[in-house]
Amino acid sequence: MFIRKASSDDINEMSLAWADSINSSNLDRIRTTFTVFLKLGECLVVEEGGEVIGTGCYISYSHLSWIGNVGIKKSFQRKGYGRKLMVDLLGLIRTESIRLDATEAGYGLYKRLGFSDGYKTIAFDISDVKGVNDDRVKITNRLEDWMLELDKEAFGDDRSKLLLNIKGKVIYTQGGYGVIYSNILGPLIAENDEVAERLIRSGVRLGVSGVITTEDKEYYIRKLGGKKVGECVRMTKGKEVKENRRLIYGIFRYAFG
Ligand SMILES: CC(C)(COP(=O)(O)OP(=O)(O)OC[C@H]1O[C@@H](n2cnc3c(N)ncnc32)[C@H](O)[C@@H]1OP(=O)(O)O)[C@@H](O)C(=O)NCCC(=O)NCCS
């Protein structure tokens, strides 16, 4: 087994390895995620016998890095490869804080590597929430400066390099914005419940079926009619991140924060 840096030539094999580790068949979406990671961050692959059997990536913002797509093919798990991969990945990262959304499978590994628990991030199916056509909500293709500022306050770092790369629809109203990308609404940043509800109902009307929220907003999303489909634990290693959780109604994706 050896671990090396990945290049765009590896995207296909990495996608197959990651799809195997998480039981997914959505290869197109997976390829897109690796493409973004390789453009804006770095990935490592674990190889055995010439085959890519594991992946792990990170993206660094100003003082915070995000780790994602850490996976080992099922038949190669529990051999210590995941740990070795994480140790190498951590060795590449230079920021004072490192974060990730841990699945149940990864939680113990990250805990032993010095990550501490933050809060739960919960995936909801919101396709049954009543959609509304609200003329206070506007649509655009590009994030404006005030949205990036609001995102920075919420997330605790400047994510412009990621957000300006998402080819989604942006919906906004006074006090909040959301990005619609492959039927998921996120990030969804809003000053209060009323603004968030306006964006969610408009999003559903435009075809949104999912949102990944934080544990603070779990009750709120349930009340609107969301159904929980999964959860992760947001963990941090290093310096605590100064975020404003009150503003976060939806994260972007588990892989990017
Ligand atoms: C999380 C994941 C990457 C861990 O990979 P892995 O290669 O199995 O990790 P390791 O082998 O280093 O450690 C996993 C477990 O195997 C144990 N282990 C390590 N070497 C072992 C060996 N030789 N024999 C038996 N067990 C061993 C470890 O103690 C650890 O135990 P624990 O889970 O009970 O704490 C893998 O489970 C995975 O791909 N899961 C699906 C994708 C996912 O959820 N990724 C996390 C995203 S945040």
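A residue is called buried here if 20 or more other C-beta atoms lie within 10 Å of its own, exposed if 12 or fewer do, and partly exposed in between, with C-beta atoms placed from the backbone. The model is a predicted one, so local features are taken at pLDDT of at least 70 and side-chain atom pairs at pLDDT 80 or more, while totals for chains, interfaces and linings use all residues. Numbering starts from 1 along each chain, following the sequence as written.

With the burial cut-offs in hand, helix H5 (residues 145-155) is a handy place to start. Its buried residues are Met 147, Leu 150, Asp 151, Ala 154 and Phe 155. Looking down the axis of H5, these buried residues fall within an arc of 120°, so they line one face of the helix; the arc is that of the directions from the helix axis to the C-beta atoms. An α-helix has 3.6 residues a turn, so residues three or four places apart point the same way. On the face of H5 turned away from the buried side sit the exposed residues Asp 145, Trp 146 and Glu 149. Trp 146 counts as exposed with 10 C-beta neighbours inside 10 Å. From Trp 146 to Asp 216, 70 residues away in sequence, the C-alpha to C-alpha distance is 24 Å. As for what covers the buried residues of H5, the list includes helix H6 (160-163) and the strands E8 (169-173), E9 (176-181), E10 (184-190) and E13 (248-250). Just after H5, Gly 156 takes a positive phi of about 90°. Helices (H or I, at least four residues) and strands (E, at least two) are DSSP runs, numbered from the N terminus.

Stepping back to the chain as a whole, there are eight helices and 13 strands. The C-alpha atoms fill a box of roughly 55 × 35 × 30 Å along the principal axes. For 257 residues, a compact globule would have a radius of gyration near 18 Å, and the chain agrees, with 18 Å; the radius is taken over C-alpha atoms, and the globule rule is 2.2 Å times the number of residues to the power 0.38. Of the 257 residues, 44% count as buried. Among contacts in the chain with a separation of 6 or more, 72% come from residues 24 or more positions apart, where two residues are in contact if their C-beta atoms, placed from the backbone, lie within 7 Å.

Eight residues from domain 1 and nine residues from domain 2 take part in the contact. On the domain 1 side, helix H2 (residues 27-40) supplies the largest share, three residues. By class, that side of domain 1 has five nonpolar, two polar and one charged residues. Here Ala, Val, Leu, Ile, Met, Phe, Trp, Tyr, Cys and Pro count as nonpolar, Asp, Glu, Lys and Arg as charged, and the others, Gly among them, as polar.

Then there is the ligand. It is surrounded by 19 residues, the closest being Gln 77, Gly 82, Arg 83, Thr 103 and Gly 106; a residue is near a molecule or strand if its C-beta atom, placed from the backbone, lies within 6 Å of it. Two or more residues of the shell come from each of helix H1 (11-22), strand E4 (64-72), helix H3 (81-92), strand E5 (97-102) and helix H4 (104-112). H4 gives the most, with four residues. The classes in the shell around the ligand run to eight nonpolar, eight polar and three charged residues.

Arg 201, in helix H7 (residues 193-205), is buried, with 20 other C-beta atoms within 10 Å. Setting aside neighbours within four places in sequence, Arg 201 is in contact with Val 129, Lys 130, Gly 131, Val 132 and Asp 134. Asn 23 is not a glycine, yet has a positive phi of about 60°; it is found in the loop between H1 and H2 and is exposed, with 7 other C-beta atoms within 10 Å. Ser 182, also not a glycine, has a positive phi of about 40°. Ser 182 lies in the loop between E9 and E10 and counts as partly exposed, with 14 C-beta neighbours inside 10 Å.
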